[in-house]
Amino acid sequence: MNETYANWILTHRWWVIAAIILLVALAGSGGRLLKFSTDYRVFFSAENPQLTAFEALQDTYTKNDNLLMVLAPASGDVFTPRVFAAIVDVTERAWQIPYSLRVDSLSNYQHTYAEGDDLTVIDLIEDPAAKTADQIDQIRAIALGEPLLVRRLVSPQGHVTAINVTVELPGKNRGAEVPIAVKKAREIAAYVERTYPEIKVYLSGVVMMNNAFAEASRFDMTHLLPLALLFIVVAVLLQLRGLVGTLATVLVILFSVIAAMGIAGWSGVPLTGPLMSAPTIIMTLAVADCVHILTNWMQGLRRGYRRRQAMAESLRLNLTPVFLTSVTTAIGFLTLNFSDAPPFRHLGTISALGVMIAFVLSVTFLPALATLLPSLVRERRRSDGYRMLRLADWVIRRRRQLLVGVGATIVTLVALVPMNESNDVFVHYFDERIRFRTDSDFVVANLTGVYFIDYSLDAGEPGGVASPARQRQIEALANWLRTQPEVVHVNTITDIFKRLNRNLHGDADAWYRLPEQRDLAAQYLLLYEMSLPYGLDLNNQIDIDKRATRMRVTLHTLSTKEVLAFERRVYDWMERHTPEILTYGASPTVMFAHIGSRNIRSLISGAVIALILISLLLMVALRSWRYGLVSLIPNLVPAGMAFGVWALIDGEIGLGVSVVAAMTIGIVVDDTVHFLNKYLRARREQGLDAAQAVRYAFQTVGVALWVTSIALIGGFLVLATSSFEINSAMGLLVSIVIAFALLCDFLFLPPLLMRLDGWLQQGARGHGDDALSPTSTNA
């Protein structure tokens, strides 16, 4: 059957090439529909419970997607007329940011004080140029003594200050809305640094984080893809030593990427950080198919075969194993659909699709094009095959020592796997090449945290937030939270109630406490609300029925493990001390903290299913359950060894690392299948013994396995240089897995086959096994 197929392809070469180009063009035209996602919510499925809770909270209160503009004067003092002027200037300009809903700063902070029986509400900073030294000192005392401002809009030392812009995006086209808002914010920052050169501006907040996801994706597209392609071209050129084979391989690679990403566009899949690794992955994996087919084709040419004859023989030898390796690789990637994060589902589906497209192109377009183009086949240097034979002889001589030594290494590294723990720091998803990361690091070190958790505290009845009993519980929770080491700032309505109570008692400090009567508290709140200017209502803290209030807890930069522990500790404290307002927190911080552990659990199920499917496929393809069972060892242990090494070099399994085991199950099968294919041909077709079959496998496929593995390792190491930590960690660990896979297939699988030869041959004699290809007996 393979020979019939090969002859048909080579007979209709021009039609095959034309049809492939047309189909790739049609599929690739969907690329124009691809759009970068600028919303961190893309990492969460619609049914994600933490996302559902967060969206419910945002439906109750003012949206809290924010853009934080931090001003850092060189003098280290924000309480000067010059800096006041900049704060007022930036606050006014911040209202011009598209979709801005609210702007909070020192200048428009609603300072309240008593004048006789009246409550006066004014902006904290008015007419900055006219401020005297005494007035500045008064403003300093007010700002640094106000819990609502310190560690939120001004540092305790008074050396940096912030303007916080609350943004409500329409949500119709976030890919365009976020960049528009960010562009305006950056224009304001540039204006400030031109107008006030002594002031440095740092931009952070949720809006900037959303934009950073798109920036990281664009960085990978413009930097990693060309680097990966260059590496692959050099690797293939060194292996094939011919321009025709290299050109054909590059076209297969590019066509595979174009078609797969075009189909992603037709499917409406958004471009995200994880998905942007798909082109590099597809390019890297597509090389293996081409190298195996072209290597055997060139071997045939060196033996004197005509082009078509040599290609037909290569397709006969490689069609089944290449198909098998492509299917197993695709199965491994498809298991990413078990992920709780949609971008990884998209990555798995598009990568699997690209792998299968690469297979189709490598057995249609590649042979058709390669046999049409003129080529000069050079004699293979004796050292290539000779070195592989020397390696084979060394493995055969030392098979007992290798079986024990490599086996002990496997056991030792696998034993280290439990040392890993699920952990992540989602702000660190971006490295220092992305401005959001460096600006956020400055903000965290000098002013406030970028992590937060919101609690919607329900008083149980309309108007209940004015209940003294509920206010005391809210205050108790806020006071306890402020003692926790993870907490930077607590924003709570009770601070406003205490300040108003003091104001309406002649600003006497003794009255800085919660009002004791419910009707009095309600009157305070109404009076304050009526005094607020446009854009500064209390809906960011109180719902429309005044039944519930939002408490925002700002945190230091924490790992997911620390966030989950903090969340649990807060819930336990509330359960014991404030059960009437007991609730869970909601925020992006909580969402990202839960997604990692949930992703690991869901992908374990996917990996088990992939393992079962691949095992059954190998047993059927090898026509021996014994060989299929043995093949599982070099297919499983590389991931275990890699995670053992990961425990030593990092020890934390984040969102990117969590997908590696599932996605590499199919990749590492490739080398094993090709090695076993040649080994079984030598045993079954040529009647060689186990040792000679190992030599034959090394001689015929060893160089190709070496080159394809180097290409895979190099491609994923290129991915490891990504500015997006999810991709970089994934790329590094996958390259380690592939390196261990090559090690196992060269140094452990051959000794294992020779050691179990008697048992394996019993099964072969019992079932009349053939080689992988149904036409193999014709060789």
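For the linings below, Ala, Val, Leu, Ile, Met, Phe, Trp, Tyr, Cys and Pro count as nonpolar, Asp, Glu, Lys and Arg as charged, and the others, Gly among them, as polar. Keep in mind that everything here comes from a predicted model.

View 1. Strand 10, covering residues 548-555, is the top contributor here, putting in three residues.

View 2. At least two lining residues come from strand 2 (100-104), and at least two from helix 17 (493-503). By type, the lining of the second largest cavity splits into nine nonpolar, six polar and five charged.

**View 3. Helix 8 packing against helix 12.** Here residues 243-266 (helix 8) meet residues 365-372 (helix 12), with the axes 9 Å apart and at an angle of about 150 degrees. Angles over 145 degrees count as roughly antiparallel, so that is how helix 8 and helix 12 run relative to each other. Their crossing is right-handed. On the helix 8 side, look for Val 244, Ala 248, Thr 249, Leu 251, Val 252 and Phe 255; facing them from helix 12 are Phe 365, Leu 366, Leu 369 and Ala 370. This contact between helix 8 and helix 12 is made by nine nonpolar residues and one polar, with no charged ones.

**View 4. The second largest pocket, lined with no charged residues.** Its volume is about 430 Å³. There are 21 lining residues, and the ones closest to the centre are Ala 607, Ala 639, Phe 643, Ala 661 and Ala 662. Three helices each bring at least two residues to the lining: helix 20 (588-622), helix 21 (625-649) and helix 22 (660-684). Helix 20 gives the most, with six. As for the make-up of this pocket's lining, 16 residues are nonpolar and five are polar.

Methods. Residues are numbered from 1 along each chain as its sequence is written. This is a predicted model: local features need pLDDT of at least 70, side-chain atom pairs count only at pLDDT 80 or more; totals for chains, interfaces and linings use all residues. Side-chain values use heavy atoms; hydrogens and water are left out. Helices (H or I, at least four residues) and strands (E, at least two) are DSSP runs, numbered from the N terminus. Axes are lines fitted to C-alpha atoms, for helices over the stretch in contact, and angles run from 0 to 180 degrees between N-to-C directions. Angles under 35 degrees count as roughly parallel, over 145 as roughly antiparallel, 65 to 115 as roughly perpendicular and the rest as oblique. A crossing is left-handed if the near helix is turned anticlockwise from the far one by less than a right angle, and right-handed if clockwise. Contact means heavy atoms within 4.5 Å. On a 1 Å grid over the protein atoms alone, a cavity is a set of points where a 1.4 Å probe fits but cannot get out, and a pocket is an open set with protein on both sides within 12 Å along at least five of seven lines; lining residues have an atom within 4 Å of a point. Grid points are joined across faces, edges and corners, and a volume is the space filled by probe spheres set on the points.
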